[in-house]
Amino acid sequence: MILLENDKISLKIALIGGAYTDFHLKGGLLNPINWSLEDETNPPFRGHFLCFDRWGPPSEGERREGFHHHGEVNSQHWQLSDLSGSSCVMRCSLPMGKLELTRQVTLPSGEPLFVVSEKIRNLNSYGRMFNIVQHVTLAPPFLDKGTLIDNNTEKGYEDKEDGSLHQEKPVLHWPEAIHNGKRVNLRQIEDPWPRVSSFVYNRREKYGWVTALNPHLELMVGYLWRTGDYPWINFWRSMKNCVPTAFGMEFGTTGLHEPFPVVARKGKIFNRNLYDFIDAGETVEKRFIAFLATIPNDYKGVETIRLENSALIIGERGRSDRQIRFRLSENCLNAGQLMP
């Protein structure tokens, strides 16, 4: 287990699987991503884990060859090549998929956030399709019926996971939907529907973002990334006895939870690609910022997030007088290529 710290936050990353398992403010113990799956038939999914080289199940042929749900990455041992108190570089190779991922994690001083750059290299002698999804998974006690989810998506649909090539209707628009004649507030986890839903970001939006906040516990967790890197976000909800037990905020390169044969035949939804392609020997890079923030107990949610003049600025819903601002060094932003 890797422990990274600055003066504001503590972050733990597992070397088996590479998941972020603990992300909390210094002086507090509340970890929003305190989730794990107790299922010996699957890899050790927990916290904020990766789906790579796929999102969702393998095909029947791939299953016989030993491919797992969400890819090989969560059962692999990552090699640590550099570690300081507030940054690390770690690397993982997929033995069957032949893709290599090199991750750099940096905790800038003075702010409750971390910046991630991940470089994907194709070790095959041929090009291939792939997907990568950041599976951020919330759990109780942070997750309850009062937890509010916000984002800046354009439109989405219920991902029915039935193998169909025609799943994208009816079109959903955040934050409300109608299901079986009932109005469903997508911002809160009060209804088991939709189990999985997928949304795209407007191409005119340079950055995509998602936040989850619990006003009663006075804590927010959020993520920001370039929409060119991750044009989709997928939401997964799990409930037991009408109580939320897990909620996934899964931003990535796809919005179709199906094996690659189905993804390839469909190709696009809302005119957005459902997979990435990487050529032989090619390296591609993707990045994101994750942050925590203390909020007042009457906080209504997030309206906007923007990067401006080396600052990350969070605007509250319905209020212009109560912004949250984080300062970021230009070196940190440029290293992650989040700023032009």
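**Entry 1. Aromatic pairs**

I worked from a predicted model. I picked W174 and F235 to start with. Their ring centres are 4.9 Å apart and their planes meet at 35°.

Next I checked where the two residues lie. W174 is in the loop between β11 (155-158) and β12 (176-179). F235 is in strand β17, residues 232-240. The pair therefore ties together parts that are 61 residues apart in sequence.

Are W174 and F235 buried or exposed? W174 has a relative accessible area of 17%, so I noted it as buried. F235 is buried too, with a relative accessible area of 3%.

**Entry 2. Y230 and F251**

I then turned to Y230 and F251. Their ring centres are 5.4 Å apart. The planes stand at 75°, so this pair is edge-to-face. Y230 lies in the loop between β16 (219-226) and β17. F251 sits in strand β18, residues 243-252. The pair thus links parts that are 21 residues apart in sequence. I found both Y230 and F251 buried.

Which cluster do these rings belong to? I listed one aromatic cluster formed by Y20, F23, F114, Y201, Y223, W225, Y230, F251 and F288.

**Entry 3. Charges over rings**

Y230 came up again here. The charged end of K286 sits over the Y230 ring, 5.7 Å from its centre. I also noted R103, whose charged end sits over the ring of W78, 4.5 Å from the ring centre.

**Entry 4. The sheet**

I traced an open sheet of eight strands. What is the strand order? I read it as β5-β6-β7-β8-β22-β16-β15-β10, with antiparallel pairing. The edge strands are β5 (79-83) and β10 (148-151). Each of these pairs on one side only. From one strand to the next, the twist averages 15°.

I looked inside the sheet at β8 and β22. How many bridges join them? Strand β8 (residues 113-122) and strand β22 (residues 283-294) pair over nine bridges, in the antiparallel sense. Across this pairing, V116 stands opposite F288 in β22. F288 was already in my notes as one of the residues of the aromatic cluster.

Note on methods:
Residues numbered from 1 in each chain as written. Predicted model: local features only at pLDDT ≥ 70, side-chain atom pairs only at ≥ 80, totals over all residues. Heavy atoms only, no water. Phe/Tyr/Trp six-rings, centres within 6.5 Å; stacked < 30°, edge-to-face > 60°. Helix = DSSP H or I, 4+ residues; strand = E, 2+ residues; numbered from the N terminus. Buried < 20%, exposed > 50% of the residue type's maximum accessible area, 1.4 Å probe, protein only. Lys NZ or Arg CZ within 6 Å of the ring centre and 35° of its normal. Pairing = 2+ DSSP bridges. Axes fitted to C-alpha atoms, helices over the stretch in contact; angles between N-to-C directions.
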